[in-house]
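Subject: Handover of a structure

Hello,

I am passing this structure on to you.

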Amino acid sequence: MLSLTKQFLRSQIQVPPSAAFSTEVKRRITLYQHPISPPCRAVIMAAKLIGVDLELKLVQIKDCKTQEFLKINPLKRIPVLDDGGFLLSESRAILTYLSDKYGKDDSLYPQDLQARAIIDQMFYFDMGTLYQAMVDYWNYCVLKDNPHDEERYRRVFGPLNLFNETVGVSKFAAGPKFTLADVSLLASVSAIDAIGVDLTKYPNIHSWSDRSQKMVPNYEEINSKGVELIKEKFRVWEDKFRPKK
């Protein structure tokens, strides 16, 4: 009789579906970051897609050269990931690490070597060509408080033309499927847009950006603050140097 009573009581306990079927353990990993940094925002977007819970620690850009921060990253830059004492910098390295270690599958960064190679190719294009052109202009003019440099500004257009052709052929940056390459490039393109480059002149990029943003949970929440910080800093610089239209 006692056994039957126990069985009845157990049957009345409502177990939430998540408790009944999910064995996922939420992992908390620290990211040293600043929202104005597109690479930092790329990591946050990727973590959201992968399902990794990040503890965000704000680092002012000027503090990257302090002795305290040098213990975290001798390369003097953000983002830096701290996964249980394992420290890793460079956003694209962090993206692939998170996907390989914590991804539920390999859809964002496939195990297939050729598919992965194309994603890596777009990482390098982003880091060394598209994003670098924007950073060169930003650093020289805005951060170093120099007047507008037309030659540096125009260097942004060539990479945009190349990327516009790329996403005109394929739906996403590295082929027909959304991958980590799109995450990295989304962050870069949003920064280029923030400094006043008219992306409507690049219709394929414009369409790709709309498609890709819809793939990222909470895209606006993750990106809006950083984009506004870039716009505000650019407006202050522009009011000081660029001729009024």
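Helices (H or I, at least four residues) and strands (E, at least two) are DSSP runs, numbered from the N terminus. The model is a predicted one: local features need pLDDT of at least 70 and side-chain atom pairs pLDDT 80 or more, whereas totals for chains, interfaces and linings use all residues. Residues are numbered from 1 along each chain as its sequence is written, and side-chain values use heavy atoms, with hydrogens and water left out.

The pocket

On a 1 Å grid over the protein atoms alone, a pocket is an open set of points where a 1.4 Å probe fits, with protein on both sides within 12 Å along at least five of seven lines; lining residues have an atom within 4 Å of a point. A volume is the space filled by probe spheres set on the points, which are joined across faces, edges and corners.

The largest pocket has a volume of about 1,100 Å³. Its lining is made up of 27 residues, and I61, I78, Y131, N139 and L143 lie nearest the centre. Two or more lining residues come from each of α3 (38-50), α5 (91-102), α6 (113-143) and α11. Helix α6 gives the largest share, 8 residues. Domain 1 (1-18 + 27-102) and domain 2 (113-241) each supply at least three residues to this lining; the domain bounds come from an automatic or database assignment.

The aromatic rings

Rings of Phe, Tyr and Trp (its six-membered ring) pair if their centres lie within 6.5 Å; planes under 30 degrees apart count as stacked, over 60 as edge-to-face and the rest as tilted. The count by this rule is 10 aromatic pairs. One of them, F163 with W208, is edge-to-face, at 4.9 Å centre to centre and 85° between the planes. This pair links distant parts of the chain, 45 residues apart: F163 is in helix α8 (residues 157-169) and W208 in helix α10 (residues 203-215). Buried means under 20% relative accessible area (1.4 Å probe, protein chains only). F163 is buried because its relative accessible area is 0%, and W208 counts as buried at 0% too.

F234 and W237 form a tilted pair, with 5.2 Å between centres and 40° between planes. Both lie in helix α11 (residues 219-241), 3 residues apart, about one turn of the helix, and both are buried.

Regards

Conventions:
Buried means under 20% relative accessible area, exposed over 50%, partly exposed in between (1.4 Å probe, protein chains only).
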